[in-house]
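Let's take a friendly walk through this model, stopping at a few residues along the way. Have the sequence and the 3D view at hand.

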Amino acid sequence: MNHTERLASFIALGQRLRHLTEDEKADLFSRARNNNSWFDAPNVASALDGIARLLEEDSFRTWANRYPAEPPTPRAVGVVMAGNIPLVGFHDLLCVVLSGHNLLAKPSSDDKFLMHWIVDELTRIEPRMAERITFVERLNAADAFIATGSDNTGRYFEYYFRHKPNLIRRNRTSLGILTGQETPEELAALGADIFQYYGLGCRNVSKLLVPKDYRFDKLLDNLQPWERVLEQNRYQNNYDYNKSILLVNRVPHLDNGFVLLTESAQLVSPISVVHYGTYRDEADLQQQLAQVAEQTQCLVSAGGLFPGSFAFGQAQCPSVSDYADGVDTMAFLTALT
């Protein structure tokens, strides 16, 4: 397969995802949730919509044409995929195959069903893709590696894959910037950045940076439509547990019945908890952001007005060129010799 054929296959996959029938969706959503109870219908639907957006023809072609069409020598690239949100490993799959290499995919057990499903859809569109994508349990045959995991597993990956080209990703999270001037509509949109995928993704906002003396009542009121997260038993269990820990330890916090806000220096918060920190002025805010830049996946602010930030509600809507950890995956792959 040449670059033009690979490109056309992915564009056709995007069209296929946009035209799934209601019966196909119902069956897929049911099977996905049976495999992983966090992957309920709204979240799987959001993941599919996100991939369809990545594969919209004009923007997709523009992005793809930035890179060499064919590698000097196709390599076997082993990818250790995360499974925290539905189909989170798809972007790596896309990059490896589109760049002309062969993919050895090790999906997370939490996302194995959906990854196999989307590859089946792709190979129905273009049967030759089966020669390019192989699911494996071990990556011994790989010439290069891409791996995503926690800080601890990142250190293991770096040691284990040290003798071959590798791209290793670690824990990152996302931050929300509030000024106190946000409208109710903007605060409501922030709810998607916090609660979509139940807060399990690296693009979910787990910490807010607010002015000193910020009043949270307006924010908590406008997050109320997301109370439906309590319908997920595992989220409810996390909320009950984390609330009890805060109460037992007498940690000051705010509680609107489904999310807990507490001041903390930590960036990453447990499920159902959002941390916050304060800033004095913009200079102080900039300094704090610079200190945690290496652990930050993305920023959100009202209207995306803060430099380098997404608008509230857009954290989970990355473009095809929004690379995990800010490292250009395609550049890594096209540099392989």
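Leaving aside its neighbours within four places in sequence, which residues is Val-79 in contact with?

## Val-79 and its surroundings

Val-79 is in contact (heavy atoms within 4.5 Å) with Asp-92, Val-96, Leu-103, Leu-104, Ala-105, Lys-106, Leu-139 and Ile-146, neighbours within four places in sequence left aside. The model is a predicted one: local features need pLDDT of at least 70, side-chain atom pairs count only at pLDDT 80 or more, and totals for chains, interfaces and linings use all residues. Residues are numbered from 1 along each chain as its sequence is written, and side-chain values use heavy atoms, with hydrogens and water left out.

You will find Val-79 in strand E1 (residues 76-80); strands (E, at least two residues) and helices (H or I, at least four) are DSSP runs, numbered from the N terminus. Val-79 has a relative accessible area of 0%, so it is buried; buried means under 20%, exposed over 50%, and partly exposed in between, using a 1.4 Å probe and protein chains only. Leu-167 is 88 residues away along the chain, yet its C-alpha atom is separated from that of Val-79 by 9.5 Å.

## The nonpolar cores

A nonpolar core is a set of buried Ala, Val, Leu, Ile, Met, Phe, Trp, Tyr and Cys residues joined through side-chain atoms within 4.5 Å. The largest one has 86 residues, and Phe-10 and Trp-63 touch the most other members. Apart from it lies another core, of 11 residues, including Leu-104, Phe-157, Phe-161 and Ile-168.

## His-3 in helix H1

His-3 lies in helix H1 (residues 3-18). Its relative accessibility is 10%, which means that His-3 counts as buried. Not counting residues up to four places away in sequence, His-3 touches Ala-64, Asn-65, Ala-69, Glu-70 and Leu-98.

## Helix H8

Helix H8 (residues 184-195) has 12 residues and reaches 17 Å from first to last C-alpha, close to the 16 Å expected; the expected span is 1.5 Å times one less than the number of residues. Among its buried residues are Leu-187, Leu-190 and Phe-195. The buried residues of H8 pack against strand E7 (205-211), helix H9 (217-222) and helix H10 (233-248), as well as strands E10 (273-279), E11 (296-301) and E12 (309-311). After H8 comes Tyr-197, with a positive phi near 60°.

## Tyr-156 in helix H7

Finally, look at Tyr-156 in helix H7 (residues 151-160). Tyr-156 counts as partly exposed because its relative accessibility is 47%.
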